[in-house]
Structure formats: structure tokens, C-alpha cells
Amino acid sequence: MARRQLRLPSPTISANPAGDQLVNLPTWMWLSSGWDRVSATASVPGVSVTATATPGSVTWSMGDGSTVVCNGAGTPYAAGGDPAAPSPDCGHVYRRSSAGQPGQAFGVTATVHWTVSWSGAGQGGTFPDMTTTSTTSFRVAESQALNNGGG
């Protein structure tokens with residue numbers, strides 16, 4: 001009953017660059033919400049059992065055939081940071097544009113994997129992996145330089 005009462009939060013996907021992504025430029029990914037421990041308790045006379053869900057990792061399906069697994073919510077990009085610097089813990093580099101994809105964008109999915117443990121009445125255990133998922137799309141553009149010979 002305690003497990004059924006758990007209300008796992010939906011992850012909120014954030015990325016930098018904030019608008020279009022660029023080919024060969026690091027994309028930082030993080031969850032701006034949906035990474036909090038959650039618990040619920042179920043009781044009957046004389047016995048209470050508490051289930052606690054703890055987020056452990058995020059699996060990102062990047063839409064270009066790549067999968068990225070991050071062992072945390074990711075690090076938000078700091079304003080004024082180096083745009084060519086990779087994320088310290090959760091990033092991806094697109095190698096091709098999303099032109100030609102439906103909506104001209106790659107569909108991106110973030111799946112949070114939760115460990116759910118329970119305890120009560122002098123006992124405890126772990127439930128199988130639970131997940132929550134959110135989706136978004138990243139438009140990935142390709143920037144090309146033009147050298148007209150100047151002079």
C-alpha cells in the first residue's frame with residue numbers, strides 16, 4: 001500500500017544552449033525538478049510501513065541514436081560560462097543536425113530510475129526499479145563559416 005501511495009515527481013528537462021543546440025558544441029543536460037527523495041506511509045492498526053523512493057540515475061535518449069546515462073540530476077549551466085566547455089557530469093555532443101527529422105528536431109527522453117525501499121514492523125526490503133519519464137525536443141543546427149577571401 002505504501003508503494004502505491006508514492007507520488008514520484010515528473011522530471012523537468014533543462015539544457016544549454018537554451019534554444020537551438022549546435023553540431024559539435026557540448027549540450028549540457030540537467031533536471032531542474034523531479035530529483036527529490038519521496039516517501040509514503042501506510043498504516044493498519046498496530047503496523048506502519050514506509051516506502052521511500054530515491055532517484056539514482058537518469059537515462060537520456062538523445063534522438064540521434066545516442067544514449068547518455070548520468071548518475072545524478074546533472075549540473076546547471078552557469079551564466080557566463082564557457083559555451084565550448086563540456087558538462088562535468090551530464091552532457092552530449094550532437095554530430096549532425098536535426099534537419100530532416102520530424103519537426104526539424106530530435107525527440108529527447110529523460111528517464112529517472114528510482115530505488116524504492118520499504119521498512120516497517122521490524123522488516124524491510126527493496127522493490128524493483130521504478131521510473132518516471134519526460135520528453136522534449138532539441139533542434140540541432142549546423143553552423144558553417146564562410147571565408148570570402150576578404151581583403
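Q: Is Trp 28 buried or exposed in this predicted model?
A: A residue counts as buried when its relative accessible area is under 20%. Trp 28 has 10% relative accessibility, so Trp 28 is buried. Tyr 77, at 18%, counts as buried too.

Q: How many aromatic pairs does the structure hold?
A: A pair of aromatic rings is described by how far apart the centres are and by the angle of the planes. The structure holds two such pairs. In one of them, the ring centres of Trp 28 and Tyr 77 are 5.1 Å apart and the planes stand at 90°, so this pair is edge-to-face.

Q: Which parts of the chain does the pair of Trp 28 and Tyr 77 tie together?
A: Trp 28 belongs to strand S3 (residues 26-33), while Tyr 77 sits in the loop between strand S6 (67-70) and strand S7 (91-93); the pair therefore links parts 49 residues apart in sequence.

Q: What is the geometry of the pair of Tyr 94 and Phe 106?
A: Planes under 30 degrees apart count as stacked. The planes of Tyr 94 and Phe 106 are at 0°, with the ring centres 5.2 Å apart, so the pair is stacked. Tyr 94 lies in the loop between S7 and strand S8 (106-120) and Phe 106 in strand S8, so parts 12 residues apart in sequence are tied together. Both Tyr 94 and Phe 106 are buried.

Q: Where is Leu 31 found, and which residues does Leu 31 touch?
A: Leu 31 is in strand S3 and, at 7% relative accessibility, counts as buried. Leaving aside residues up to four places away in sequence, its contacts include Pro 11, Val 58, Trp 60 and Val 112. The C-alpha atoms of Leu 31 and Arg 139 are separated by 19 Å.

Note on methods: Residues are numbered from 1 along each chain as its sequence is written. This is a predicted model: local features need pLDDT of at least 70, side-chain atom pairs count only at pLDDT 80 or more; totals for chains, interfaces and linings use all residues. Side-chain values use heavy atoms; hydrogens and water are left out. Rings of Phe, Tyr and Trp (its six-membered ring) pair if their centres lie within 6.5 Å; planes under 30 degrees apart count as stacked, over 60 as edge-to-face and the rest as tilted. Helices (H or I, at least four residues) and strands (E, at least two) are DSSP runs, numbered from the N terminus. Buried means under 20% relative accessible area, exposed over 50%, partly exposed in between (1.4 Å probe, protein chains only). Contact means heavy atoms within 4.5 Å.
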